[in-house]
Amino acid sequence: MSRFWKIALIVIAVLVVGGVAFRLLHKPEAAGGGYGHHRGGGQGQHASQSGGGSGQPGGSGQDNAPVPVTVEPTVKQNVPVYLTALGTVTALNNVAVNPEIGGQLWTINFKEGQDVKKGDVIAQIDPRTYQAAYDQAVAKQKQDEATLATAISTLDRNQQLVAKGYVAALDMDTYRNNVAQLKATVIADQAAARSAQVQLDFTKIISPINGVAGIRNVDPGNVVTTTTSIVTLTQIQPIYVIFNLPEQNLEAVRDAFQNGANKLEVVALDRTDAHPLDTSGYLQVVDNQIDTTTGTFKLRGLFTNPDRKLWQGQFVNVKLRVQVVNGGLVVPAQAVQRGPDGDFVYKLQPDQTVAMQPVTVAGEVGDSHVMISKGLDEGDQVVTEGQFRLKPGSKVQALKPGEVPVAAAPSDADKKKWKKQGGGRRGNGGGGGGGG
């Protein structure tokens with residue numbers, strides 16, 4: 001066969017296959033063939049399922065169900081206003097105990113860390129040298145007192161004889177001057193004896209304050225001098241807390257300090273603000289200048305420190321109460337949300353929907369509430385839990401704190417829809433089998 005006929009047969013075969021394929025692909029569905037019946041049944045079934053989904057859980061009907069949320073009312077209460085700062089605990093008195101005299105340290109009469117009282121003997125220096133000096137001074141005083149007594153007696157006898165001419169007037173002057181000189185000597189001896197007594201008393205090292213003894217700096221047996229530090233005593237009851245506030249708070253603090261009978265409450269909290277360490281404090285001093293390098297001014301609070309939770313050098317968080325707002329509007333802190341335009345809350349409407357309500361937060365109230373200065377009125381219901389599922393206009397199911405939403409039972413209409421959808425699927429399946 002020639003090449004021409006081979007090409008012709010191939011072209012004819014291609015045309016025949018194309019025609020058959022065209023007829024199969026464009027066969028009318030109304031002809032009732034198995035393919036058309038199956039396609040139509042599938043579309044009907046899909047339509048039935050699509051239409052029935054709106055009545056089932058998870059369909060479009062579910063989108064309109066109320067969102068369960070927890071709501072709480074806005075309440076009025078007297079709200080204390082605090083200023084916060086970081087403070088340092090400082091001892092009321094901090095004394096480094098040094099000897100007044102030199103000598104060998106005999107004994108240490110305290111335990112490190114124990115309480116000592118004012119007047120307690122906390123250490124003893126060898127007193128023998130100072131005791132001898134005191135005894136010598138006392139003896140010298142007695143010797144001069146005896147000499148003075150003799151001089152006074154001589155003066156008295158000569159005064160009786162001078163009138164009879166037995167004693168010259170010049171001698172009487174000598175007797176008088178001798179008595180005066182000896183009196184001055186006795187006075188000097190008394191002073192020397194007292195000085196020796198003081199030096200002897202200095203051999204006993206006395207606590208000058210009530211406080212807590214620190215770690216001792218010298219051991220018994222060492223020779224100490226007036227520059228030797230024996231121990232440091234710290235008075236922690238009462239105790240100071242010193243803190244700084246920005247200068248823009250100065251006017252408010254001074255006004256409250258002057259008009260509040262000088263009893264502004266100061267609270268010391270731990271570094272995490274988890275709990276108060278001491279609530280017995282009050283503001284004692286406002287410093288007389290502002291630090292130009294930091295723009296702050298210094299304040300000092302005084303605490304009785306009954307449980308000794310405040311310790312010298314400790315860092316604490318400080319809250320200073322400067323005023324009390326009467327009738328402040330308070331809501332739970334979790335009700336306030338942060339938006340692009342500022343703080344807002346979801347406010348419950350009379351039709352059980354919610355609206356975004358912009359608010360202005362004036363300050364914290366304890367650990368769980370905040371005070372609102374603008375945006376709400378007393379009694380307004382605000383959402384405190386479930387906000388992440390809300391948008392303006394959402395229908396809600398308002399619950400009290402601790403309540404749990406009850407699942408709604410299906411209605412009769414929903415039950416009928418579900419039955420129809422189930423029967424339709426069974427009919428479609430049987431029809432499909434007959435058509436096959």
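Leaving out neighbours within four places in sequence, D126 is in contact (heavy atoms within 4.5 Å) with Q104, W106 and T203. The model is predicted, so local features need pLDDT of at least 70 and side-chain atom pairs count only at pLDDT 80 or more, while totals for chains, interfaces and linings use all residues. Residues are numbered from 1 along each chain as its sequence is written, and side-chain values use heavy atoms, with hydrogens and water left out.

**Around D126**
- D126 sits in the loop between β5 and α4 (128-162). Helices (H or I, at least four residues) and strands (E, at least two) are DSSP runs, numbered from the N terminus.
- D126 counts as buried because its relative accessibility is 13%. Buried means under 20% relative accessible area, exposed over 50%, and partly exposed in between (1.4 Å probe, protein chains only).
- The side chains of D126 and R128 make a polar contact at 3.0 Å. A polar contact is a pair of N or O atoms within 3.5 Å; within protein, one must be able to donate a hydrogen and the other to accept it, and residues adjacent in sequence count only if both atoms are side-chain atoms.

**The open sheet**
- Four strands form an open sheet in the order β6-β5-β3-β8, with antiparallel pairing. Two strands pair if DSSP finds at least two bridges between them.
- The edge strands, β6 (204-206) and β8 (223-224), each pair on one side only.
- β5 (residues 121-125) is joined to β6 by three bridges. K204 in β6 is the bridge partner of Q124.

**Nonpolar cores**
- A nonpolar core is a set of buried Ala, Val, Leu, Ile, Met, Phe, Trp, Tyr and Cys residues joined through side-chain atoms within 4.5 Å.
- The largest core has 27 residues; among those touching the most other members are F243, L283 and L310. β9 gives the most to this core, with five residues.
- L310 touches residues including V89, I239, F303 and V316, not counting residues up to four places away in sequence.
- A second, separate core of 19 residues includes I108, A123, I209 and I230.

**Rings**
- K263 lies over the face of Y282, 3.7 Å from the ring centre. K319 lies over the face of Y82, at 4.4 Å from the ring centre. A charge sits over a ring if NZ of Lys or CZ of Arg is within 6 Å of the ring centre and within 35 degrees of the ring normal.
- F344 is buried, at 11% relative accessibility. Y346 is buried too, with a relative accessible area of 8%.
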